[in-house]
Amino acid sequence: MASSDLSPNFAPFFGMAGIASAVSVPCIGAAYGTAKSGIGISGVGTFRPDLIMKSLIPVVMSGIIAVYGLVIAVLIAGDMAPPPQQHYSLFSGFMHLASGLSVGLTGLSAGYAIGVVGDSGVRAYMQQSRIFVGMVLILIFGEVLGLYGLIVGLILNTHSQG
(Lines give C-alpha, C1' and ligand atoms only; values in the text may rest on other atoms or scores of the structure.)
Protein backbone atom coordinates (compact mmCIF):
# COMPACT_ATOMS: atom_id res chain seq x y z
CA MET A 1 0.00 0.00 0.00
CA ALA A 2 1.39 3.34 -0.99
CA SER A 3 1.76 6.10 1.54
CA SER A 4 0.10 9.47 0.98
CA ASP A 5 0.11 12.81 2.77
CA LEU A 6 -3.20 12.02 4.49
CA SER A 7 -2.37 8.38 5.23
CA PRO A 8 1.32 8.01 6.05
CA ASN A 9 2.73 4.64 7.07
CA PHE A 10 3.13 5.79 10.68
CA ALA A 11 -0.55 6.78 11.13
CA PRO A 12 -1.53 3.49 12.86
CA PHE A 13 1.07 4.26 15.55
CA PHE A 14 -1.22 6.96 16.94
CA GLY A 15 -4.19 4.61 17.01
CA MET A 16 -2.11 2.01 18.84
CA ALA A 17 -0.94 4.70 21.27
CA GLY A 18 -4.61 5.49 21.90
CA ILE A 19 -5.27 1.82 22.66
CA ALA A 20 -2.28 1.67 25.00
CA SER A 21 -3.30 4.79 26.88
CA ALA A 22 -6.93 3.68 27.08
CA VAL A 23 -5.94 0.39 28.71
CA SER A 24 -2.97 1.32 30.88
CA VAL A 25 -3.71 4.77 32.33
CA PRO A 26 -7.18 4.00 33.77
CA CYS A 27 -5.73 0.82 35.26
CA ILE A 28 -3.20 2.94 37.13
CA GLY A 29 -6.06 5.03 38.52
CA ALA A 30 -8.10 1.94 39.38
CA ALA A 31 -5.11 0.32 41.09
CA TYR A 32 -4.47 3.45 43.13
CA GLY A 33 -8.14 3.70 44.11
CA THR A 34 -8.24 0.05 45.09
CA ALA A 35 -5.01 0.21 47.07
CA LYS A 36 -5.83 3.45 48.87
CA SER A 37 -9.37 2.30 49.74
CA GLY A 38 -8.03 -1.11 50.75
CA ILE A 39 -5.79 0.53 53.31
CA GLY A 40 -8.82 2.17 54.91
CA ILE A 41 -10.86 -1.03 54.75
CA SER A 42 -8.06 -2.95 56.44
CA GLY A 43 -8.00 -0.38 59.21
CA VAL A 44 -11.75 -0.61 59.65
CA GLY A 45 -11.70 -4.42 59.60
CA THR A 46 -9.44 -4.65 62.62
CA PHE A 47 -11.91 -2.73 64.78
CA ARG A 48 -15.30 -3.35 63.13
CA PRO A 49 -15.31 -6.50 60.93
CA ASP A 50 -19.08 -6.15 60.44
CA LEU A 51 -18.54 -3.05 58.26
CA ILE A 52 -16.20 -4.62 55.71
CA MET A 53 -18.84 -5.58 53.13
CA LYS A 54 -20.39 -2.09 53.00
CA SER A 55 -16.89 -0.60 52.88
CA LEU A 56 -16.05 -2.42 49.63
CA ILE A 57 -18.02 0.08 47.53
CA PRO A 58 -14.93 2.21 46.66
CA VAL A 59 -13.05 -0.88 45.50
CA VAL A 60 -15.89 -1.89 43.17
CA MET A 61 -16.14 1.64 41.81
CA SER A 62 -12.39 1.70 41.14
CA GLY A 63 -12.66 -1.49 39.12
CA ILE A 64 -15.35 0.03 36.93
CA ILE A 65 -12.91 2.79 35.94
CA ALA A 66 -10.63 0.17 34.35
CA VAL A 67 -13.56 -1.27 32.40
CA TYR A 68 -14.18 2.14 30.79
CA GLY A 69 -10.69 2.04 29.32
CA LEU A 70 -11.16 -1.51 28.11
CA VAL A 71 -14.34 -0.56 26.26
CA ILE A 72 -12.63 2.26 24.36
CA ALA A 73 -9.59 0.11 23.58
CA VAL A 74 -11.77 -2.61 22.06
CA LEU A 75 -13.68 -0.06 19.97
CA ILE A 76 -10.48 1.53 18.68
CA ALA A 77 -8.98 -1.88 17.88
CA GLY A 78 -12.15 -2.74 15.97
CA ASP A 79 -11.59 0.25 13.69
CA MET A 80 -8.07 -0.87 12.80
CA ALA A 81 -6.97 -3.56 10.35
CA PRO A 82 -3.73 -4.64 8.69
CA PRO A 83 -2.54 -2.21 5.98
CA PRO A 84 -3.66 -4.11 2.85
CA GLN A 85 -7.26 -4.20 4.10
CA GLN A 86 -7.80 -0.68 5.35
CA HIS A 87 -6.72 2.82 4.43
CA TYR A 88 -5.89 4.31 7.88
CA SER A 89 -5.65 8.09 7.83
CA LEU A 90 -3.65 10.35 10.07
CA PHE A 91 -6.93 11.96 11.11
CA SER A 92 -8.22 8.61 12.37
CA GLY A 93 -4.97 8.00 14.21
CA PHE A 94 -5.14 11.31 16.04
CA MET A 95 -8.83 10.86 16.83
CA HIS A 96 -8.12 7.43 18.27
CA LEU A 97 -5.24 8.84 20.30
CA ALA A 98 -7.47 11.60 21.65
CA SER A 99 -10.16 9.04 22.45
CA GLY A 100 -7.73 6.88 24.39
CA LEU A 101 -6.22 9.83 26.22
CA SER A 102 -9.62 11.23 27.20
CA VAL A 103 -10.73 8.01 28.86
CA GLY A 104 -7.24 7.37 30.21
CA LEU A 105 -6.62 10.69 31.94
CA THR A 106 -10.14 11.00 33.34
CA GLY A 107 -9.89 7.40 34.58
CA LEU A 108 -6.63 8.24 36.32
CA SER A 109 -8.15 11.26 38.05
CA ALA A 110 -11.34 9.40 38.96
CA GLY A 111 -9.35 6.52 40.46
CA TYR A 112 -7.31 8.96 42.51
CA ALA A 113 -10.47 10.71 43.77
CA ILE A 114 -12.16 7.41 44.62
CA GLY A 115 -9.07 6.23 46.48
CA VAL A 116 -8.74 9.33 48.62
CA VAL A 117 -12.46 9.55 49.39
CA GLY A 118 -12.73 5.79 49.92
CA ASP A 119 -9.89 5.71 52.43
CA SER A 120 -11.13 8.65 54.46
CA GLY A 121 -14.78 7.72 54.01
CA VAL A 122 -14.61 4.19 55.34
CA ARG A 123 -12.54 5.35 58.33
CA ALA A 124 -15.14 8.03 59.08
CA TYR A 125 -17.92 5.45 58.56
CA MET A 126 -16.37 3.35 61.30
CA GLN A 127 -16.71 6.28 63.70
CA GLN A 128 -20.10 7.57 62.56
CA SER A 129 -22.52 5.46 60.49
CA ARG A 130 -24.47 8.49 59.21
CA ILE A 131 -21.50 9.45 57.02
CA PHE A 132 -22.17 6.48 54.71
CA VAL A 133 -24.67 8.22 52.41
CA GLY A 134 -22.43 11.26 52.01
CA MET A 135 -19.45 9.04 51.26
CA VAL A 136 -21.37 7.16 48.56
CA LEU A 137 -22.52 10.41 46.96
CA ILE A 138 -18.99 11.76 46.83
CA LEU A 139 -17.79 8.45 45.36
CA ILE A 140 -20.48 8.67 42.68
CA PHE A 141 -19.33 12.16 41.74
CA GLY A 142 -15.77 10.85 41.53
CA GLU A 143 -16.88 7.98 39.30
CA VAL A 144 -18.72 10.37 37.01
CA LEU A 145 -15.38 11.97 36.09
CA GLY A 146 -14.36 8.69 34.45
CA LEU A 147 -17.78 8.37 32.82
CA TYR A 148 -17.38 11.80 31.23
CA GLY A 149 -14.09 10.66 29.72
CA LEU A 150 -15.78 7.52 28.40
CA ILE A 151 -18.52 9.59 26.74
CA VAL A 152 -16.01 11.96 25.14
CA GLY A 153 -13.93 8.97 24.02
CA LEU A 154 -16.98 7.34 22.43
CA ILE A 155 -17.83 10.56 20.59
CA LEU A 156 -14.26 10.95 19.32
CA ASN A 157 -14.11 7.32 18.24
CA THR A 158 -17.41 7.67 16.39
CA HIS A 159 -16.10 10.68 14.46
CA SER A 160 -12.74 9.09 13.63
CA GLN A 161 -14.01 7.71 10.33
CA GLY A 162 -15.27 11.11 9.13
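How much of the chain over residues 12-35 is helix, how much is strand, and how far apart are the end C-alpha atoms? The stretch is 100% helix and 0% strand, with its end C-alpha atoms 35 Å apart. Helices here are DSSP runs of H or I with at least four residues, strands are runs of E with at least two, and both are numbered from the N terminus.

This is a predicted model, in which local features need pLDDT of at least 70 and side-chain atom pairs count only at pLDDT 80 or more, while totals for chains, interfaces and linings use all residues. Residues are numbered from 1 along each chain as its sequence is written, and side-chain values use heavy atoms, without hydrogens and water.

**Annotated stretches**

An unreviewed UniProt entry annotates residues 12-35, 56-77, 97-119 and 131-156 as "transmembrane region". Such annotations may be inferred rather than shown by experiment. Residues 97-119 are 100% helix and 0% strand, and the end C-alpha atoms lie 33 Å apart.

**Helices α1 and α4**

Helix α1 spans residues 11-47 and helix α4 spans residues 90-127. Their axes come within 7 Å and cross at roughly 5 degrees. The axes are lines fitted to C-alpha atoms over the stretch in contact, with angles from 0 to 180 degrees between N-to-C directions. α1 and α4 are therefore roughly parallel to each other (angles under 35 degrees).

**Aromatic pairs**

Rings of Phe, Tyr and Trp (its six-membered ring) pair if their centres lie within 6.5 Å; planes under 30 degrees apart count as stacked, over 60 as edge-to-face and the rest as tilted. By this rule there are five aromatic pairs. Two of them are tabulated here.

| Pair | Centre distance | Plane angle | Class |
|---|---|---|---|
| F14 and F94 | 4.5 Å | 40 degrees | tilted |
| Y32 and Y112 | 5.1 Å | 20 degrees | stacked |

F14 is in helix α1 and F94 in helix α4, 80 residues apart. Y32 lies in helix α1 and Y112 in helix α4, so this pair also ties together parts 80 residues apart in sequence.

F14 is buried at 17%. F94 is partly exposed at 40%. Y32 is partly exposed at 33%, and Y112 is partly exposed at 49%.

Ring pairs also link F10, F13, F14 and F94 into a cluster.

**A charge over a ring**

The charged end of K54 sits over the ring of F132, 4.4 Å from its centre. The rule asks for NZ of Lys or CZ of Arg within 6 Å of the ring centre and within 35 degrees of the ring normal.

Methods: Parallel < 35°, antiparallel > 145°, perpendicular 65-115°, else oblique. Buried < 20%, exposed > 50% of the residue type's maximum accessible area, 1.4 Å probe, protein only.
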